[in-house]
Amino acid sequence: MPATDLLVGPLLRRVVGTQATIWVETSAPATVTVRTADGATGTAPTFSAYQHHYALVVVSGLAPGAASSYEVLLGGELVWPLPGPYPPSVIRTRAADDRDQPVRLVFGSCREATQHATGRELPPDALDAYARGLAATPDPADLPDLLVLLGDQVYADETSPTVRRLLRRRRRRPVGAPVDQVVSFDEYTKLYLESWRVPETRWLLSTVPSVMIFDDHEIVDDWNTSAAWRAHARAQPWWGERISSGLASYWVYQHLGNLAPAEIAADPLYARVTAAEDATDTLRDFGHQVDQESGLAPGPEPWRAKRYQWSFALGVGRTRLVMLDNRCSRVLEPGRRAMLPPAEWSWLVDQAHGSYDHLVVGSSLPWLLPPGIHHVEAWNEVLADSRRRWVADAAEKLRRAVDLEHWAAFRRSFDALGALFARIGGGAPDGTTRPRRESGESGELGQPGGTGQPGGEPGQPGQPAERAPGAAPASISVLSGDVHHSYVARARFADPAVVTPVHQLTCSPLHNQVPAAMRLPLRLGWSPALAIAARALSRTAGTGRPALRWTKLAGPYFGNAIGTLRHDGRTAEVTIAGTTGAGGLQEVMRHQLTSG
């Protein structure tokens with residue numbers, strides 16, 4: 001029996017060229033070594049915080065275009081692989097020149113702990129079902145390039161019976177803290193231990209690279225819905241510990257692994273954490289600082305504002321993936337609401353321009369909702385900013401009661417994202433036109449070169465960007481979760497020059513369910529008649545006409561599901577597979593996103 005146990009992991013996070021990162025949590029301080037069957041190795045000491053121990057190991061020397069099994073050792077003792085029915089964990093690299101190699105992204109969101117842990121009668125877990133299917137055909141060629149988890153990887157506010165029993169035994173309970181919700185860092189660790197040690201999930205995360213972004217339940221339902229919500233939360237005596245612990249634990253368990261090896265080496269927080277004998281104070285202060293600086297619009301020079309950025313981007317072959325923080329860094333000031341602060345919007349514009357065949361934006365919240373719901377959210381946003389106090393208060397109560405907080409409720413950001421997609425996709429497939437990013441262009445909302453007019457209001461349509469030779473991307477896709485059902489929708493732009501198809505691909509939940517009473521409203525949200533009525537309602541508040549239209553192509557599907565987006569050359573196809581009563585997967589929708 002090893003002196004130090006492997007508590008969580010290994011998680012294979014990023015594979016970049018001939019390097020890979022492996023994340024682990026251990027029961028005590030240790031030196032962690034990862035070695036592959038073909039001789040690639042990596043070693044790192046654990047860092048400690050809140051009496052827990054972690055390591056992120058960079059493995060170097062991997063062979064291009066190959067798959068190699070690996071082992072994990074703690075202090076020289078073998079702790080992984082474990083005996084059992086699953087194939088060896090492997091690290092698979094892409095070819096050195098992978099431009100013609102297909103790309104497969106598997107995606108989903110909203111995963112409560114597995115059925116035996118939740119105590120609720122839920123359909124089978126789609127992530128576990130996917131893992132079992134993949135393990136049954138252990139050909140490395142069948143492995144996807146990336147698992148994209150789009151939020152609510154854990155539920156801090158809807159805990160399982162197992163976690164609730166632990167919470168009720170805690171010795172120190174913050175004043176007023178919800179009895180059945182996690183508050184401290186240590187309590188957060190129980191959520192990951194419960195969710196990621198399930199055998200199927202553990203094997204899958206050890207052998208398929210993964211990236212993740214949070215949504216509200218990693219902190220609390222409706223996190224950062226509005227400025228009024230934030231003020232109420234901050235007035236609670238337990239909130240300071242809750243938000244600091246939630247952000248610190250998210251950084252450790254999820255965000256750290258999103259970084260490529262070069263980004264890890266350049267991250268000043270990682271340097272401070274690994275240099276400290278005990279990083280508890282460093283991470284606690286970090287969580288408090290991030291919460292204090294978020295939610296407010298920056299000052300007169302917003303492009304110089306320095307905030308910790310949770311959004312990140314990466315490339316896989318000829319696919320560009322940009323993952324957006326839709327929660328922590330929202331601007332919530334009435335009249336200036338935005339999904340991203342200006343400096344981060346500029347970063348998004350930078351990342352969206354370049355040489356690739358397919359652009360994929362990961363957004364925990366759908367950009368394109370059912371139109372009937374979209375117009376209600378846009379109407380509510382305007383009323384919540386009313387100068388008549390009773391109108392604003394009533395709109396705020398409605399916003400919180402029925403979760404009116406998606407892109408539609410941040411109208412400037414909704415329009416700006418559509419304008420960005422239109423510019424990027426406004427080129428001919430023969431390569432006659434292509435958006436170009438000029439040196440020094442800001443690209444921020446309301447700043448020169450961005451989606452706003454120079455000096456104008458954030459998110460208002462500006463002048464078309466200059467173009468340079470190059471083909472428009474073959475597809476633009478927005479991957480989302482949150483809404484506990486799955487569908488495919490396509491944006492329709494009035495400008496015929498927009499030749500790139502733009503789709504909303506929503507896949508949710510992996511393991512949860514939408515209340516039965518909500519299914520009919522969600523279906524009716526796509527009804528043309530209801531959309532017209534909701535649009536008429538929104539006009540009473542003075543909302544303008546949306547700059548684009550969108551139509552549903554497939555769905556909605558209300559079961560547990562997992563999606564696969566496949567790019568092959570300039571073709572793109574999405575498949576949604578739902579769980580069966582026997583715990584397997586069956587295809588419930590498939591849609592060709594491009595014409596080839």
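Colleague: How much space lies in the largest pocket, and what makes a set of points a pocket rather than a cavity?

Modeller: About 840 Å³ of space lies in the largest pocket. On a 1 Å grid over the protein atoms alone, a pocket is an open set of points with protein on both sides within 12 Å along at least five of seven lines, while a cavity is a set where a 1.4 Å probe fits but cannot get out. The volume is the space filled by probe spheres set on the points, which are joined across faces, edges and corners. Keep in mind that this is a predicted model, where local features need pLDDT of at least 70, side-chain atom pairs count only at pLDDT 80 or more, and totals for chains, interfaces and linings use all residues. Residues are numbered from 1 along each chain as its sequence is written, and side-chain values use heavy atoms, with hydrogens and water left out.

Colleague: Which residues lie nearest the centre of that pocket, and which helix gives the largest share of its lining?

Modeller: Of 35 lining residues, Val402, Asp403, Val483, Met518 and Leu522 lie nearest the centre; a lining residue has an atom within 4 Å of a point. H12 gives the largest share, four residues. Helices here are DSSP runs of H or I with at least four residues, numbered from the N terminus.

Colleague: How do you know whether H12 and H16 are roughly parallel or roughly antiparallel?

Modeller: The axes of H12 (residues 371-384) and H16 (residues 528-540) come within 8 Å and cross at roughly 10°. Axes are lines fitted to C-alpha atoms over the stretch in contact, and angles run from 0 to 180 degrees between N-to-C directions. Under 35 degrees counts as roughly parallel, over 145 as roughly antiparallel, 65 to 115 as roughly perpendicular and the rest as oblique, so H12 is roughly parallel to H16. Their contact (heavy atoms within 4.5 Å) includes His375 and Trp379 of H12 and Leu530 and Arg535 of H16.

Colleague: What about the second largest cavity: which helices supply at least two residues of its lining?

Modeller: Those are H4 (185-196) and H5 (199-207). The cavity holds about 60 Å³ of space, and its lining includes Trp196, Thr201 and Leu205.

Colleague: Why is H5 called largely enclosed?

Modeller: Buried means under 20% relative accessible area, exposed over 50%, and partly exposed in between, with a 1.4 Å probe and protein chains only. Eight of the nine residues of H5 are buried, so the rest of the structure largely encloses this helix. Among them are Trp203, Leu204 and Leu205.
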